[in-house]
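Subject: Structure handover and notes

Hello,

Here is the structure we talked about handing over. Please open it beside this message; the notes come after it.

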Amino acid sequence: MAEESWHAARLIPTSGINGADEQERRATSALLAVMSAVREFGRALTQPYGAPAGTVQTYIEVPFTLGDGKSFPDGLIRVTRGQRQWTALVEVKTGSNELQSEQLERYLDIAREQGFDALITVSNEIPPMAGQHPTRIDKRKLKKVALHHIPWSEVLTVAVMQKEYRGVADPDQAWILGELIRYLEHPKSGALEFSDMGSSWVPVRESVGAGTLRPTDAAVPEIAGRFDALVRYAGLRLGRQLGTDVIPALTRKELAEPVIRTQAAVSQLAATGTMTAALRIPGAVGTLSVTADLRAARITCHIDVEAPREGRPTTRVNWLVRQLKDAPETVRLESYAAHARGAGNAELLRVVRENPAILIADPAKDLRTFRVALTSAAGTKRGRGRGAFIDSVLDAIDDFYGQVIQNLKPWMPAPPKMRSVEDAVAVEPVPAALVSTALSSQDDPVPGAAAPQPVPAVQDGLAALP
C-alpha cells in the first residue's frame, strides 16, 4: 500500500463531526484549549479586549443559574496576573448559524451578576467594521459588561500571523498552534469563509440595472454593509499572505459613528449604482480603493501615488512607468497637476510606455499625483464559485496588489552632496576701501600676512592710548 494514501494523525481531527452541535462543541474546545496552551496566541486574542498579560485559563460549557433556569455558555476565559483577574464568557457559532439576541442578553445578565468583564462571541458573521457587533443588543445591558465579536476568519488570521510571522517561543506550542490552523482551514470545521452576499443581492442588483433603486429601500443598507464586510474579509485574507494587519481605511468620524459610513454608502449605491471601500496596507505607497459598479458589472481597484517633486513632467511619468514594468498593459494611468481641478490626461499603460508625454496636459504645470487603476469583470451570483461577485472582488484585490502595489515605491529625493575644493567658485578680489569688517582672531591666517596685533587692555572704562 502506498504511503501517499495514508492520513497523518491530527491533534484536532475533523473526522466524526456529525451535525452542527458537534461541530460547534469541537471548534469551541479546540480554540479555547489552544488559547491556554499557546501563551502568545492567547495573549493576541485577549489583549485587544482589555485582558492583562497573564496566565490564560479556559473552560467549556460552564453552568450558571439565572432566575429559575440554568444556562450553559459555550466557554469561559479567565486571565490572571498578580491580584488582577479578567473574565469573559464565550458564545460560539459555526457554519451558517447566527448569534441570537435573546441568548446573548441572557449571558450578559449572567456576566453582570457574576462580576465578569466581557462577553465574546465567535461566528462566521463579519460586521462591516471592527468593533461593531452583528447582533442587535439592548444597550442598557452593556453598561457594566463589554460585548466583543471576532469572526472565525479573524481568529484564523491571528493564528497564522502569530505562528508564521510574529513567532512562538516554544516549538511544541508552535506545532499545537499549527494544528489549530489546519483544523480551522478544513471545510468540516465550520469556520467558513465569506460566502454569501445575502438574500437581497439579486433584487438590489436588478433594481440598480433598471434605475429604480431608492435610498429608502430596506435592502440597500444590508447590501452596502455586506460589501464593506466583504472588503474587510479580503483585508484579513490578504494580511495572512503578507504577514501584516490589513484593515479598512476609515475616517475617525466613521469609526466613532458607523452610521455615517452606512448613510454615505447607501446614498452612493442608490445614486450611482456603485459601492466603494478601501484598505490600508502597512508599507504601501497609498490606500487600495475598491469600487464595484453594479450597472457596468465592473470591479475597479486603484491607488494614488505622489509624483516626484523634481524633474521634468516626462521624467516623472517615466519614474512611474519603470516601476510598472511587470504590470498588465490594461492598467490605466491618470495624472493630476498642481493647482488644477480634476484629473488631467488618462491612458492605458501600453500607450504611456510608448509615449510618456501623453499624460501631460500642460507642460508648464507640475505633476503632483498619479492614479494607477485596474478594472476587471464583476460576477453576478450571490454565493461563491465561478461567476460569483464575491470571488471577482477577492481576485481583483489580490491581482492588483500582486501586479501593481507591491512593486511601487515612494519617491525619495537624492541626498545632498558634500562640496569639494574643486567645486569652489572663484570670486573677484574686493578693494580694501570696500572692506567693512576687521580681521578677527577667528579668521584663518593669510599666507604672507602679519599676525594681528593684540587689542590694548581697557582700564577704568577707557581704552589705553599708545
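Below are the notes on what was found, by region.

The model is predicted, so local features need pLDDT of at least 70 and side-chain atom pairs count only at pLDDT 80 or more, while totals for chains, interfaces and linings use all residues. Residues are numbered from 1 along each chain as its sequence is written, and side-chain values use heavy atoms, with hydrogens and water left out.

The open sheet

Five strands make up an open sheet with mixed pairing, in the order S1-S4-S5-S6-S7. Strands (E, at least two residues) and helices (H or I, at least four residues) are DSSP runs numbered from the N terminus, and two strands pair if DSSP finds at least two bridges between them. Strand S1 (55-60) and strand S7 (146-151) are at the edges with a single partner strand each, so one side of each has no neighbour in the sheet. On average, neighbouring strands of this sheet are turned by 25° against each other, direction ignored.

Strand S6 (residues 118-123) pairs with S7 in the parallel sense, over six bridges. Within this pairing, Thr121 has His149 of S7 as its bridge partner. Helix H4 (residues 152-166) packs on the sheet and touches S5, S6 and S7, its direction making about 75° with that of S7. Axes here are lines fitted to C-alpha atoms, for helices over the stretch in contact, and angles between N-to-C directions run from 0 to 180 degrees. Contact means heavy atoms within 4.5 Å. Helix H3 (residues 101-114) lies across strand S5 (84-92) and S6, and runs at about 165° to S5.

Asp117 sits in the loop between H3 and S6. With 32% relative accessibility, Asp117 counts as partly exposed; the classes are buried under 20% relative accessible area, exposed over 50% and partly exposed in between (1.4 Å probe, protein chains only). Not counting residues up to four places away in sequence, Asp117 touches Gln85, Trp86, Thr87, Lys144, Val145 and Ala146. Of Asp117 and Val145, the C-alpha atoms are 5.4 Å apart in space, although the residues are 28 apart in sequence.

Helix H12 (residues 389-403) has 15 residues and should span 21 Å at 1.5 Å a residue; the end C-alpha atoms are 21 Å apart, which agrees. The expected span is 1.5 Å times one less than the number of residues. Buried residues of H12 are Phe389, Ile390, Asp391, Ser392, Val393, Leu394, Ala396, Ile397, Phe400 and Tyr401. These pack against helix H6 (201-210), helix H7 (219-242), strand S9 (274-280), strand S10 (288-293), strand S11 (298-306) and strand S14 (367-377).

The axes of H7 and H12 come within 10 Å and cross at roughly 45°. H7 and H12 are therefore oblique to each other, where angles under 35 degrees count as roughly parallel, over 145 as roughly antiparallel, 65 to 115 as roughly perpendicular and the rest as oblique. Their crossing is right-handed, meaning that the near helix is turned clockwise from the far one by less than a right angle. From H7 the contact involves Phe227, Leu230, Tyr233, Ala234, Arg237, Leu238, Gln241 and Leu242, and from H12 Phe389, Ile390, Val393, Leu394, Ile397, Asp398 and Tyr401.

Ser200 is in the loop between helix H5 (171-185) and H6. Ser200 is buried, at a relative accessible area of 13%. Its contacts, leaving aside neighbours within four places in sequence, are Ala219, Glu222 and Ile223.

Strands S9 to S11

S9 and S10 run antiparallel and are joined by six bridges; Thr276 stands opposite Thr291 in S10. S10 and S11 also pair in the antiparallel sense, over five bridges, with Ala292 opposite Ile299 in S11. S10 and S11 form a hairpin with four residues between them.

Positive phi

Most residues other than glycine have a negative phi. Ala297, in the turn of the hairpin, has a positive phi of about 55° and is partly exposed, with a relative accessible area of 29%. Glu61 is not a glycine either, yet has a positive phi of about 45°. Glu61 lies in the loop between S1 and strand S2 (64-66) and is partly exposed, with a relative accessible area of 37%.

Regards
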